[in-house]
Amino acid sequence: MINARTVWCFMIKSSNDLHINLLLCSVMKSFHFAPRKKGESFHESIIRAEHYVALRANIQPGSKVLDVGCGVGGPMRNIHQLSGADITGVTINQYQVRVGNQYCAQKGFGDKCRIFQGDFQNLPGQFDEKPLMPPTCHSPDRRTCFRGINHCLKRRFVCGHRLGALPAYDAENPNHIRIKEGIEVGNGLPTLATIKIIVDDLESAGFEVVDVFDANQGVHSEYEIPWYYTLNGSFTLNGFRMTRLGRSCTHALVSCLEFLKIAPKGSARVSALLNAAALDLVEGGRKGIFTPCLFILARKK
């Protein structure tokens, strides 16, 4: 019988390489969003969010840090550059390991930042803190994942869970369900959890939740740029590629390259998946039923 864990491992391992290549072309090396102030660039908002996590965790030069589900390691390198901490990243995808370690070496961080292949459902070792916005939302069993993290930690756990359903989400609303399922499929998620469910899972795994909030709660303020603005696109030099027309042009190019066997088989499928996910993310953000920036600070009991 195929269980959730088997399906999860297949989802992560089978489609990630093409998924990552397309993301690296469009969203840089930190695969997350952040609150963005007026006058602030997308890149600046990402750096500020990552530095906020490091400051709340009190990460210092002597800290030994674990980044669970680190991807290609964008946040860990930025936090090391701020704090000087020793950071170990874990990801299940070998392609991410190779690319991420190349980036670490290129920045001269190889002795303080490294990435290993591993399953964040079964973690080894002992670390001071775990602060780097992990994609535990991708876990098929959050409680097992959180228990494993608890076992590895000496002191504190900090998490920007990144993806979560907000209280405005209505499980009886067909449109909300459609958006939620589209986000789940496009982002390789078993299911999107609510804030209450995430907090309950943390507490059952032996953590005391000290602080939890949606970092994008001011998303529609006149002083902020919505986190989904970049995905929505604009008819500017930098924003055109994310407009509907821009995405259609990109998808047509990717399809052509795959037909000519220049791009790997499946590239067009992944491109279509990412385009559909972007539309659902924008709609979820506009309706206020979804956040990619749920911040959690918790400590071992």
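Select tyrosine 228 to begin: with 7% relative accessibility, this residue counts as buried. Buried here means under 20% relative accessible area, exposed means over 50%, and partly exposed lies in between, using a 1.4 Å probe and protein chains only. The model is predicted, so local features need pLDDT of at least 70 and side-chain atom pairs count only at pLDDT 80 or more, while totals for chains, interfaces and linings use all residues. Residues are numbered from 1 along each chain as its sequence is written, and side-chain values use heavy atoms, with hydrogens and water left out.

Now look at the rings. Rings of Phe, Tyr and Trp (its six-membered ring) pair if their centres lie within 6.5 Å; planes under 30 degrees apart count as stacked, over 60 as edge-to-face and the rest as tilted. The structure holds six aromatic pairs. In one of them, tryptophan 227 and tyrosine 228 sit edge-to-face, 5.5 Å centre to centre with 85 degrees between the planes. Tryptophan 227 also makes an edge-to-face pair with phenylalanine 290, at 5.7 Å centre to centre and 65 degrees between the planes. That pair links distant parts of the chain, 63 residues apart: tryptophan 227 is in the loop between strand S9 (224–225) and helix H8 (229–232), and phenylalanine 290 is in strand S10 (residues 290–291). Helices (H or I, at least four residues) and strands (E, at least two) are DSSP runs, numbered from the N terminus. To see the cluster linked by ring pairs, select Phe33, Phe42, Trp227, Tyr228 and Phe290.

Move on to helix H6 (residues 174–187) and helix H10 (residues 267–287), which pack at about 135 degrees with axes 8 Å apart. Axes are lines fitted to C-alpha atoms, for helices over the stretch in contact, and angles run from 0 to 180 degrees between N-to-C directions. H6 and H10 are therefore oblique to each other; angles under 35 degrees count as roughly parallel, over 145 as roughly antiparallel, 65 to 115 as roughly perpendicular and the rest as oblique. Residues in the contact (heavy atoms within 4.5 Å) include Ile179, Gly182 and Ile183 of H6 and Leu274, Ala277 and Leu281 of H10.

Finally, show the whole chain, which has ten helices and eleven strands. Buried residues make up 53% of its 301 residues.
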